[in-house]
Amino acid sequence: MDLSFGPEYEAFRQDVRKFIETNRESAPRGEAMKSDRVRSWQKLLIEKGYTARTIPQEYGGHGGEPDIIKARIIGEEFARSQTPGGLGGQGISMLVPTLLELGTEEQKKRFIPPTLAGEMIWCQGYSEPNAGSDLASLTTSAILDGDEWVVNGSKIWTSTAHLADWIFCLVRTDPEAPKHQGISFLLFQMDTPGIEIRPLVDMTMARNFNEVFFSDVRVPKDQIVGKRGEGWFVANAILGHERDSLGDPNTTLTRLNRLIELARQETMDGQRLIDNPVFRDRMMKIQARVMSLRFNDQRVLSSRINNTDSRLARMISKLQGTELRHDLEGLAIDIMGEIGLMYGRSDYLTDNGSWQQQYMYFLGLIIGGGTSQIQKNIISERGLGMPKEPKFEQKAEA
Amino acid sequence: MEFGLSEQQTALQDNVNRFLQEKAPLERVRRYSEEQQERADDIWDGLVELGLPALLIPERHGGIELGALDAAAVCECLGRHVTPSPFLSTAVLAPTAILLAGSEEQQNQYLPEIAAGNTTFGAALSEATGARRDAGVVATNSKLNGKALFVIDIYSDNYLVADTNNRLYVIPSDAHGLTINTLPQIDRTRPIGEIIFNNTPADALVADDQGSALRSVIDIGRIMIAADTLGASQEMLDQSVQYAMERRQFNRVIASFQAVKHMCAEMAAEIEPSRALLWYAAHTIDEDSKESHLNACHAKAHLSEVGSFVGKTATIVHGGMGFTDLLGLHYWFKRIGYNRQILGGPESVREEAARAQGLC
Ligand SMILES: Cc1cc2nc3c(=O)[nH]c(=O)nc-3n(C[C@H](O)[C@H](O)[C@H](O)COP(=O)(O)OP(=O)(O)OC[C@H]3O[C@@H](n4cnc5c(N)ncnc54)[C@H](O)[C@@H]3O)c2cc1C
């Protein structure tokens, strides 16, 4: 066991720390997506190589060598100091890696730079009313008409569709082909005529996701990633990227430390909740889980550096990371008791109600990006070698 | 950076596993427990031949001077094979105590003998992690009186004993004024007992200052027990997957039922991260880090919970067969049950974890 990254990396860590200390004043504090502050912070981070680190400069990235240890240190230091890091969102975390891997040169030049700069916001149009976990059964259609695709159908749960400039969208281009082979991956603008967006209120009472309806939406023929019929493959190339980013143990550790603070502050009948052994016990249980997942993450990192196998350790991280986070936020609510019910504006709220909000939000993340049940299918089938789910004839339901 | 077992550690595990597979398979363990054998000398001799009692002992005392992570790697194998052996007390608890609290003379007296496999130890430490009933050992002028309960590895040549002032002693099992009774318990692979002391002369390990050696002994012991649970849990999961792939119901293997797959996935999802926690905890002992006490507590308590979950779930996957003696799955279930209570149950160990951080 050798946990040191070596002196070169310790120096790098110090650099990152110094940068954060010097510059954190200009970091965004919850401003809107395209505000000047958000964009100039993003620009600064790209310049320093603290985000978009390995993306070539010609596509608006930093152009650095891949170095997973540096990437890790950056993540740790920004989380530790609770400073906003580089922009995320589905455009940056999902579309950009896809284009880098499978896009044409023209697509890379056109879409990646403004996306990284925070000027082009994307949404992900995958799920449909009848295609959730069983995504490959999607029916939104795109039919080629001259130089354009004509898209009809609807999407649901589309996060940030109301704020997005563009959508990357899975559509069925060949209804006769087997279900995984008739799908294509299209990119189009959200202000194209024929698109209607209806907001859906989620349980946190936010309007973050939407229903999106397409009627005869015309999309230039070349706005397709990969070939016609390869959309399933294109989308799966990056689903892993999304999963890796859900339930990040560094953020969870920051939340745990805050939770312990909370238990020191909150009182019931004048007694601090930290002095209540039942709550202390629950906190310690959660702490052990947080530690386990953090070290699990280090093990995965180490095996990537040393080229050893840790497939199972990696496969469990979305499942365990999101479930743990939901439990952790829920414990904070129990510690606050009735105050944990407060929602909205109230002087009694602690931390602006973030515990209540995150408790619910993480329930959403347990579902989104492949539900816990789907994760367990994956773990048992691909991790433990158990049989795949039996397939049923499509006609059986009719 | 390397987070995980080194090549040597993996090779050590391969050696131990290979020996246990060949020489101490379940049939051998069954004979030990059904016939209530006191010692399994054939198994212990083999472990001695592999050099295991010498693991933590410095080279100058004839040992091989490896660390807690190496010893934990061995314990994982012992748990996997539900091996009856006094490894925990002989190779880990006693040497750690003697190294930390023994004089040079005591070290010279005991350590080479342990390393060579010429003697075995049991450990009477239970009262230091929470005394039950009226147990407790009191020392006056190096004479011990009172009772120690739940003494680990009871059929041994010597005992490491903690008194109520957290001081440590060594006594031979044939010492004057000693009454030794075995206590029947669920895990029949690791006999425990009570010792009643009546003016028993003891060799005090005097270099200890205010129980810090005892604390270190308990920390490392907890990590070993957690490692044993990890090995036992992994084995139960592996057996579950294998059984589920063979057993057929409703014209299909039960491994094709999603309820069964999910039980297995949940076991894997609990085991994997706890392995990383355990490695890290053992590593901080080797680094002599300030966090090692906290980590040892967390490893012990967390693996106790994971182990209980796996023990229950794996048994359910096996259906009625899991409940019978035929298959022997209960050996692992009971091993995990023992590990949960010995040297501190999860609730009290978590309370210690909280105290270690100044939370109470
Ligand atoms: C916060 C949030 C944001 C989202 N953002 C987006 C977005 O931006 N773009 C987008 O395209 N989608 C988005 N989604 C949709 C998300 O991907 C789907 O909700 C998810 O894949 C589950 O599909 P579903 O909702 O149709 O549930 P269903 O698939 O109907 O599942 C219902 C229940 O059945 C279970 N189930 C289904 N199939 C199986 C099976 N084979 N085995 C066992 N159990 C099964 C599920 O686990 C679940 O418990 C978002 C979802 C959430 C919650």
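1. Phe295(A) is buried, at a relative accessible area of 4%. This is in a predicted model. Its partner is Phe3(B), and the two rings form a stacked aromatic pair, 6.2 Å centre to centre with 20° between the planes. The angle falls under 30 degrees, so the pair counts as stacked. Phe295(A) sits in helix 8 (residues 277–306) of chain A, while Phe3(B) belongs to the segment before helix 1 (7–23) of chain B, so this pair joins two chains. Phe3(B) is also buried, with a relative accessibility of 3%.

2. Next, the interface as a whole. Contact between the chains involves 46 residues of chain B and 46 residues of chain A. Together the chains bury about 3,900 Å², with 64% of that on carbon and sulfur atoms. Three residues, Met1(B), Lys261(B) and Leu359(B), supply 21% of the area that chain B buries against chain A, more than any other three residues.

3. The rule finds 6 salt bridges between chain B and chain A. Arg299(A) and Glu272(B) meet through their side chains in a salt bridge, at 2.6 Å from N to O. On chain B, the side that touches chain A draws at least two residues from each of helix 7 (212–246), strand 10 (252–253), helix 8 (258–286), helix 9 and helix 12 (346–356). Helix 8 of chain B gives the largest share of that side, 19 residues.

4. Aromatic pairs elsewhere. The structure holds 20 of them over all chains. Phe111(A) and Trp122(A) form an edge-to-face pair, 5.5 Å centre to centre and 75° between the planes. Phe111(A) lies in helix 5 (residues 105–116) of chain A and Trp122(A) in strand 1 (residues 122–125) of chain A, so the pair ties together parts that are 11 residues apart in sequence. Phe111(A) is buried at 2% relative accessible area. Trp122(A) is buried at 3%. One aromatic cluster takes in Phe111(A), Trp122(A), Tyr126(A), Trp166(A), Phe168(A) and Phe185(A).

5. Charges over rings. Lys70(A) places its charged end over the ring of Phe12(A), 5.1 Å from the ring centre. Arg255(A) lies over the face of Trp355(A), and here the distance to the ring centre is 3.9 Å.

6. Salt bridges in general. Over all chains the structure holds 49. In chain A, Arg13(A) and Glu10(A) form one, with 3.6 Å between the closest N and O atoms. Both residues are in helix 1 (residues 7–23) of chain A, 3 residues apart, which means a separation of about one helical turn. Arg13(A) counts as buried at 10% relative accessibility, whereas Glu10(A) counts as partly exposed at 34%.

7. Arg30(B) forms a salt bridge with Glu34(B), the closest N and O atoms being 3.5 Å apart. The two lie 4 residues apart in helix 2 (residues 26–34) of chain B, about one turn of the helix. Arg30(B) counts as buried at 15% relative accessibility. Glu34(B) is partly exposed, with 47% relative accessible area.

8. What does the salt bridge of Arg60(B) and Glu104(B) tie together? The closest N and O atoms of this pair are 3.9 Å apart. Arg60(B) is in the loop between helix 3 (41–49) and helix 4 (68–80) of chain B, and Glu104(B) is in helix 6 (residues 104–115) of chain B, so the bridge ties together parts that are 44 residues apart in sequence. Arg60(B) counts as exposed at 59% relative accessibility. Glu104(B) is partly exposed at 46%. In chain A, salt bridges with shared partners join Glu10(A), Arg13(A), Arg17(A), Glu76(A), Glu77(A) and Arg80(A) into one network.

9. Last, Thr315(B). This residue belongs to helix 9 (residues 292–317) of chain B. Is Thr315(B) buried or exposed? Thr315(B) is buried, at 18% relative accessible area; the cut-off is 20%. Beyond its neighbours within four places in sequence, Thr315(B) is in contact with Met236(B), Val310(B), Gly322(B), Phe323(B), Leu329(B) and Phe333(B). Gln239(B) is 76 residues from Thr315(B) along the chain, and their C-alpha atoms are separated by 9.9 Å.

Technical notes: Residues are numbered from 1 along each chain as its sequence is written. Chains are lettered from A and ligands numbered from 1 in the order in which they are written. This is a predicted model: local features need pLDDT of at least 70, side-chain atom pairs count only at pLDDT 80 or more; totals for chains, interfaces and linings use all residues. Side-chain values use heavy atoms; hydrogens and water are left out. Rings of Phe, Tyr and Trp (its six-membered ring) pair if their centres lie within 6.5 Å; planes under 30 degrees apart count as stacked, over 60 as edge-to-face and the rest as tilted. Buried means under 20% relative accessible area, exposed over 50%, partly exposed in between (1.4 Å probe, protein chains only). A charge sits over a ring if NZ of Lys or CZ of Arg is within 6 Å of the ring centre and within 35 degrees of the ring normal. Contact means heavy atoms within 4.5 Å. Buried area is the accessible area (1.4 Å probe) that two parts lose on being put together, summed over both. A salt bridge is a side-chain nitrogen of Lys or Arg within 4 Å of a carboxyl oxygen of Asp or Glu.
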